[in-house]
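Here is a guided walk through one protein chain, taken a piece at a time. Have a look at the sequence and the fold first, then read on.

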Amino acid sequence: MLIKWEISHAGGYVRNGIGAIPVDGAGAKGGVNKTGTQAFGSTATYGRRYLLCMLFNISTGDDRDGNAPPTKPEDVQTITDAQASVIRELIQKAETTAEHFCKHYKIEAIPDIPSASFAEVVASLRRRIAAIEQRKGQNNG
């Protein structure tokens, strides 16, 4: 696909040219996922956008190629009060402090643990508790 471009200035300066953009019928993962018309349309859209940025040396730090923006920390769902209680109990059994725990997980407080990490955190604390109990058993044996 050829995209003709022209840039002009009020002072009378004009530059023009043609940008050759290959028609892309494949998606981001390489599989064909577009009709010919869709491929033409997306190629034209991307081509104009990229050509404009290239001609004016514009950097678009926010281009995510159609993907959703990354979640902000305030958008992350955190654990419930009941889950926080479970964590506090396990912290005690793991013979550590909430302060050390929070520093390790880079959080301000226990309720700041993302809910998606709850099972992993519990498993980690239980492994620590098991290791402590094993050491105590070896010392007593």
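**A walk along the chain**

At 74% relative accessibility, Lys106 counts as exposed (exposed means over 50% relative accessible area, buried under 20%, and partly exposed in between, with a 1.4 Å probe and protein chains only as cover). Lys106 sits in the loop between H3 and H4, and although Lys106 is not a glycine, its phi is positive, at about 55 degrees. Most residues other than glycine have a negative phi. We'll meet another such residue further on.

Before that, a word on what you're looking at. This is a predicted model, in which local features need pLDDT of at least 70 and side-chain atom pairs count only at pLDDT 80 or more, while totals for chains, interfaces and linings use all residues. Residues are numbered from 1 along each chain as its sequence is written, and side-chain values use heavy atoms, with hydrogens and water left out.

Now the overall plan. The chain has four helices and two strands, where helices (H or I, at least four residues) and strands (E, at least two) are DSSP runs numbered from the N terminus. Follow the sequence and you'll read the pattern β-β-α-α-α-α. Of the 141 residues in the chain, 22% are buried. The chain exposes about 10,800 Å², with carbon and sulfur atoms supplying 53% of that area (worked out by the Shrake-Rupley method with a 1.4 Å probe). As for contacts, meaning heavy atoms within 4.5 Å, take those with a separation of 6 or more: residues 24 or more positions apart account for 42% of them.

Let's start with helix H1 (36–55). H1 has 20 residues and reaches 28 Å from its first C-alpha to its last, close to the 28 Å expected at 1.5 Å a residue; the expected span is 1.5 Å times one less than the number of residues. Which residues of H1 are buried? They are Ala39, Ser42, Thr43, Ala44, Gly47, Leu51 and Cys53. These buried residues pack against strand S1 (2–8) and strand S2 (14–20). An α-helix has 3.6 residues a turn, so residues three or four places apart point the same way.

Just after H1 comes the other residue to look at: Asn57, with a positive phi of about 55 degrees. Asn57 is not a glycine either. Asn57 lies in the loop between H1 and H2, and Asn57 is exposed, with a relative accessible area of 72%.

Jump ahead to H4, which covers residues 118–140. The buried residues here are Phe118, Val121, Val122, Leu125, Ile129 and Ile132. What covers them includes helix H2 (81–93) and H3.

The loop between H3 and H4 is worth a stop too. Pro111 lies in this loop and is partly exposed, at 33% relative accessible area. Leaving aside residues up to four places away in sequence, Pro111 touches Thr78, Ile79 and Arg88. Pro111 and Arg88 are 23 residues apart in sequence, with their C-alpha atoms 10.0 Å apart. Ser117 is found in the loop between H3 and H4 as well, and with a relative accessible area of 22%, Ser117 is partly exposed. From Ser117 to Thr78 is 39 residues in sequence but 8.9 Å in space, C-alpha to C-alpha.

Finally, where do H3 and H4 meet a pocket? Each supplies at least two residues to the lining of the second largest pocket. A pocket is an open set of points on a 1 Å grid over the protein atoms alone, where a 1.4 Å probe fits, with protein on both sides within 12 Å along at least five of seven lines; lining residues have an atom within 4 Å of a point. About 150 Å³ of space lies in this one, a volume being the space filled by probe spheres set on the points, which are joined across faces, edges and corners. Its lining is Thr96, His100, Phe101, His104, Tyr105, Ser124, Leu125 and Arg128. H3 gives the largest share, four residues.

Thr96 is buried, with a relative accessible area of 19%. Not counting residues up to four places away in sequence, Thr96 touches Ile91 and Arg128.
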